[in-house]
Amino acid sequence: MLLEASNITKVFKGRRGAAPVYAVKDISVTATPGTFVAIVGESGSGKSTLARILLDLISPSEGDVTLDGKTIRGMSGAEHTGYRRKVQAVLQDPAGSLNPRKRVGEAIGEVIRLHRMARGRQEIRQKAVEVLDLVGMTPPEAFMDRYPHELSGGQRQRVLIARALSLNPRVIVADEAVSALDASVKAGVLAIMADLKERLGVGYVFITHDLPVVKKVADYVYVMKDGEIVEHNTKTEIFTQPTHPYTQTLLAAAPSLERATARRSEERKKHS
Ligand SMILES: Nc1ncnc2c1ncn2[C@@H]1O[C@H](COP(=O)(O)OP(=O)(O)OP(=O)(O)O)[C@@H](O)[C@H]1O
């Protein structure tokens with residue numbers, strides 16, 4: 001399977017007579033199952049806009065997204081549904097993405113039922129247990145009846161990954177999916193994602209401003225700045241021989257960013 005965004009431009013109307021905003025400009029990205037692709041860039045560089053386009057939530061102004069050569073805009077209703085199953089989202093803010101009134105088992109079960117991934121209460125429950133197990137929430141039965149507020153941030157993020165997995169996706173688009181988590185929890189969720197890549201062949205388009213995370217898990221990296229991709233290469237090349245000045249600046253700033261993040265996390269712990 002090959003997911004391709006080709007020459008994508010997205011223009012938003014300027015607010016109250018302001019000039020139009022070119023959120024992404026003529027960018028091309030590819031993703032495949034079993035590969036961890038990272039899109040890195042600072043705030044406002046267009047990463048989330050690209051994520052929303054890949055997830056078929058908004059349409060590009062120019063360019064096309066294709067899955068195995070078939071463009072999204074040419075897809076029938078049934079093909080769209082298939083696309084949205086194969087390309088799943090795991091977004092930031094796990095608290096906001098889960099309905100506070102639904103238990104974990106229900107939240108996952110309703111997605112399974114809606115997409116007819118299993119039939120009947122027993123089979124649906126079994127599938128939900130299976131995906132919770134896959135994300136390391138063990139024993140899964142202990143989590144099925146919990147509400148989101150009874151889970152930690154890392155556990156909520158795992159539930160979101162489990163819910164996405166219940167649809168057997170080939171690629172998961174993860175937008176700042178671990179950014180809000182403390183370092184050790186973040187490492188745990190990333191380890192699960194890497195494990196799913198190895199065991200199930202899931203691919204990722206992993207959107208982040210967090211270079212240490214990219215260094216840890218990515219296979220291939222796209223660097224975005226002001227709506228453009230300024231450089232893309234294998235992770236090793238990006239980290240050892242960055243060619244674009246912007247990538248070099250990002251890398252030079254990374255160690256201090258890492259220290260600042262660790263400091264913030266320490267301070268949060270002290271105050272909590
Ligand atoms: N619906 C919209 N209408 C107008 N402008 C928008 C809209 N969505 C995004 N933009 C603008 O497009 C640009 C890129 O935004 P985007 O959210 O994609 O960047 P980002 O790299 O994901 O940033 P962040 O990490 O802060 O979310 C920004 O200038 C933003 O203000």
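Modeller: The residues of that shell divide into three nonpolar, eight polar and one charged, where Ala, Val, Leu, Ile, Met, Phe, Trp, Tyr, Cys and Pro count as nonpolar, Asp, Glu, Lys and Arg as charged, and the others, Gly among them, as polar. This is a predicted model, in which local features need pLDDT of at least 70 and side-chain atom pairs count only at pLDDT 80 or more, while totals for chains, interfaces and linings use all residues. Numbering starts from 1 along each chain as its sequence is written.

Surrounding the ligand are Phe12, Val21, Ala23, Gly41, Ser43, Gly44, Ser45, Gly46, Lys47, Ser48, Thr49 and His209, each with its C-beta atom, placed from the backbone, within 6 Å of the ligand. Two or more of these residues come from each of β2 and α1, and α1 gives the largest share, three residues; helices (H or I, at least four residues) and strands (E, at least two) are DSSP runs, numbered from the N terminus.

Strand β2 belongs to an open, antiparallel sheet of four strands in the order β2-β1-β4-β5, where strands pair if DSSP finds at least two bridges between them. Because β2 and β5 (70-71) stand at the edges with a single partner strand each, one side of each has no neighbour in the sheet. Helix α1 (residues 47-54) packs on this sheet, touching β1, β2 and β4, and its direction makes about 120° with that of β1. Contact here means C-beta atoms, placed from the backbone, within 7 Å, and axes are lines fitted to C-alpha atoms, for helices over the stretch in contact, with angles from 0 to 180 degrees between N-to-C directions. Seven bridges join β2 (residues 21-31) to the antiparallel β1 (residues 3-12), with Ala5 opposite Val29 in β2.

How values were computed
Two residues are in contact if their C-beta atoms, placed from the backbone, lie within 7 Å.
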